[in-house]
Amino acid sequence: MLKHVRSGFEQIQFALHQLEKHKQRLFTITTTPSFASEWIIPHLPELQQRFPNIMFRVHASYDLVNMASGLYDLAIRYGSGGYQHVNAEFLATDEYVAVGYASLDIESMDWSSVPLIHFTWGDEYCPNRVNWQKWFEKQGLHIHAGQPQVFYTQESHAIQAVLSGQGVALLSRIAIANDLKHGRMKIVSEHIETAWNYYLLTLPNADFVVEEVKRWCREKFSQDYLD
């Protein structure tokens, strides 16, 4: 254990040395794991090109973070709002959509036997979050005994399960926007559920660099999801 702690500490020291050597700034973005994997990481090369003197660090967690700690420059959070002691800027409202893999034949799909893919994150934070049980009830349907089901704790794992053809899932439209755009997934039901919002969170005294990165996020996000 001590060996791993020492290794992690040495990596941080090396990064700080590189920052000082090249006069770069370390900029930490904290966001949810699914948003990090589906949006931040694919756009990171462009972000690095836009800000060549910044070394970016991506922190992925569902937990609330203390922006006043100085460890984070920008937080992209998913929730109902009401954030305290930060500047919170609304980014977009999300939706849950029922999706399947690209080659799924919707016309012949049987809701009583199609494999259901669940992800359980959010239940402890949002008891009213839409899941398959509630979704079926709203359609006047029910999950049948013996119907294939699998549960994941991370939405990103549920996304990969859909892409590999394992069944259908209720997923964030924002998280899967690129998969829908490029035809890797398809929406299998017209019933859509409104979800929480995404917010950009910064300290009230955020500097010019933070504001510029935030502006880039707004513009890029608008191009990807709101056009």
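Here is the chat that followed.

Student: Before we start, what am I looking at, and how is it numbered?

Tutor: This is a predicted model, where local features need pLDDT of at least 70, side-chain atom pairs count only at pLDDT 80 or more, and totals for chains, interfaces and linings use all residues. Residues are numbered from 1 along each chain as its sequence is written, and side-chain values use heavy atoms, with hydrogens and water left out.

Student: OK, how many helices and strands in the protein chain?

Tutor: There are 6 helices and 9 strands. Those are DSSP runs numbered from the N terminus: H or I with at least four residues for helices, E with at least two for strands.

Student: And what share of the residues is buried?

Tutor: 43% of the 227 residues. Buried means under 20% relative accessible area, with a 1.4 Å probe and protein chains only.

Student: What about the contacts with a separation of 6 or more?

Tutor: In the protein chain, 79% of those are between residues 24 or more positions apart. Contact here means heavy atoms within 4.5 Å.

Student: Which residues touch the most other members in the largest nonpolar core?

Tutor: Among its 42 residues, those are Phe 27, Phe 35, Trp 39, Phe 56, Ile 76, Leu 171 and Phe 221. A nonpolar core is a set of buried Ala, Val, Leu, Ile, Met, Phe, Trp, Tyr and Cys residues joined through side-chain atoms within 4.5 Å. Helix α6 (residues 208–226) gives this core its largest share, 6 residues.

Student: Where does this core lie relative to domain 1 and domain 2?

Tutor: Between them, because both domain 1 (1–93 + 198–226) and domain 2 (94–196) give residues to this core. The bounds come from an automatic or database domain assignment. Another core, of 14 residues, lies apart from it, and includes Trp 111 and Trp 132.

Student: Where is Glu 38 found?

Tutor: In helix α2 (residues 33–50). Leaving aside neighbours within four places in sequence, Glu 38 is in contact with Ile 159, Ala 175, Asn 178 and Asp 179.

Student: Last one: is Ala 75 buried or exposed?

Tutor: Buried, with a relative accessible area of 0%. Ala 75 is in strand β3 (residues 74–79), and its C-alpha atom is separated by 5.8 Å from that of Ile 29, 46 residues apart along the chain.

Conventions: Buried < 20%, exposed > 50% of the residue type's maximum accessible area, 1.4 Å probe, protein only.
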